[in-house]
Amino acid sequence: MPLTDNDWNAFLKELKCGQCCLLLGPGIKCIIDEADNTKEYSVLDKFSGFIKQLLDNHAIPYNKEQNDFYYLAHRYISTQYPRQESKFETEIEDFRNSLSQIQPPFFQKIARFPFSSIVNLVPDNFLATQLSQVGYEFVEEYYDYNVTRNFDITPEMQLVFNLFGSFENPDSVAVTEQKHLNLLKNLVAGKPAISDKIINRFKDEKKSFLFLGFNFNDWHFRLVLDALNIPKPNNFSFSPQIGREDVIGFLTGEFYSETVGLKLVDQTTDEFIDELATRYQQLYGDFNRKLKVVLDYHSDDSAQFKEFLEAMEISNIAKRIEIWHKGKLQGGDNANAVDEQLKEAEVYIPFLSNPFFKDPASRTRVEQALNDNTKKVILVHTNFCAFEKILPVKKALIVLPRNSVPLSSKTGADLSQVCNEAVRIINCVVR
């Protein structure tokens, strides 16, 4: 059934506050046929066609009616590289290169939404490419069924996790039915295990889930959900159809409803995403606008402020924000210019210090902004001060630096590193 207005409003609220996780399945038809733009293919469809061409070029016999990727890859590898499967890495790289100039509109849309954690069951990097082009900060990682991988990620960082490996690292990609089975066995057995830093992002019952591009009749998706330790959420799990013709079996539907609270939406994936984009922008503003950010500081803290400003100006976030600070004031400008600029701002970043708080106007601005639900307030501890006793800190979106040590305690390269890390976090939470 279609979502009600109440369903949509609840979904949009969860999405905006970073509580929604996205799972991308292999059924997403995102690559448009160059010869016929009415036809679309999934990445695995495209890879199957790529392998068929290789089979034909080498006169390797195969069932031409069969489009299964794992079957085709097995036919090619077992004939061309018997007992030397690793040599297929060259073909994987060639296929990856063939995708490098493609920018699927589907992922251009998806990149705009603030999903906190994203799991991709296809080894492509289309979404990561789009996120980078738009100017978002994120961590891109993948599961390798052969070896344990270690990485670092803070709770604020958006995660893009390729569960079935990455074309950038061919050894991690299962390209035959047997390898795919090995991947699933290792995944379920936890040998190697998915990092707790990833699992913990999904097992919180407060999270909500959106599934796109899944044929839930495929048995191995049940193993994927088990490996990710996804609970039945208190809120919701939605999944539109891949296409109008797709039907999920009754017992399968009951299983997913009971385990993850899945609600099937009577829309295709494209219809759902288009409506999501329309409703999201009606509530939260046009995706393509630049967010106005006001930086507020005292002149005694100019050294720390300038380092922080430089980090912002060279960061990806500069692609999608308009920065204003009092250094932009020209002679004769209104003395209340900061307050005037703040009225139009969506994000307010005050640099806290004792000199800052001694100015009554600065202190009033922070207090008012913290009580304004239309603004995102990020507090930057710039110089030693007891700001926790002065301000209702819990109303701030976030307080930086994360280690509670003020910027003034660092100099040179250390200060630059702290500022860069703080800006990365800002880029994650300001969406």
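The structure is a predicted model in which local features need pLDDT of at least 70 and side-chain atom pairs count only at pLDDT 80 or more, while totals for chains, interfaces and linings use all residues. Residues are numbered from 1 along each chain as its sequence is written, and side-chain values use heavy atoms, with hydrogens and water left out.

Confidence was expressed as pLDDT (the predictor's confidence in each residue, from 0 to 100). The chain has a mean pLDDT of 90, with 98% of its residues at 70 or more. Helices (H or I, at least four residues) and strands (E, at least two) are DSSP runs, numbered from the N terminus. Among these elements, the lowest mean pLDDT, 84, belongs to helix α10 (residues 250–260), and the highest, 97, to strand β12 (residues 347–352).

Strand β12 is also part of an open sheet of 5 strands, which has the order β11-β10-β12-β13-β14 and parallel pairing. Strands are taken to pair if DSSP finds at least two bridges between them. The edges are formed by β11 (321–325) and β14 (398–400), each of which pairs on one side only. On average, neighbouring strands of the sheet are turned by 20° against each other, direction ignored; axes are lines fitted to C-alpha atoms, for helices over the stretch in contact, and angles run from 0 to 180 degrees between N-to-C directions. Strand β10 (residues 291–296) is joined to β12 by 4 bridges in the parallel sense, and V294 stands opposite Y348 in β12. Helix α12 (residues 302–314) packs on this sheet, touching β10, β11, β12 and β13 (376–381), and its direction makes about 165° with that of β11. Contact here means heavy atoms within 4.5 Å.

Grid points are joined across faces, edges and corners, and a volume is the space filled by probe spheres set on the points. For the linings, Ala, Val, Leu, Ile, Met, Phe, Trp, Tyr, Cys and Pro count as nonpolar, Asp, Glu, Lys and Arg as charged, and the others, Gly among them, as polar.

The model contains 4 cavities of 30 Å³ or more. The largest cavity has a volume of about 80 Å³. It is lined by 13 residues, of which Y142, Y143, R149, A193 and S195 are the closest to its centre. This lining comprises 9 nonpolar, 2 polar and 2 charged residues. The second largest cavity holds about 60 Å³, and the residues lining it include L24, P26, F107 and D124.

The largest pocket has a volume of about 1,100 Å³. Of its 40 lining residues, K16, C17, G18, L397 and V429 are the closest to its centre. At least two lining residues each come from α1 (5–16), α11 (269–284), β13 and α17 (412–429). The lining has 18 nonpolar, 8 polar and 14 charged residues.

The second largest pocket has a volume of about 680 Å³. Its lining has 30 residues, with P26, L44, D68, Y70 and D218 the closest to the centre. Helix α2 (43–57) is one of the elements that supply at least two lining residues, and its 4 residues form the largest share.

Terms used: On a 1 Å grid over the protein atoms alone, a cavity is a set of points where a 1.4 Å probe fits but cannot get out, and a pocket is an open set with protein on both sides within 12 Å along at least five of seven lines; lining residues have an atom within 4 Å of a point.
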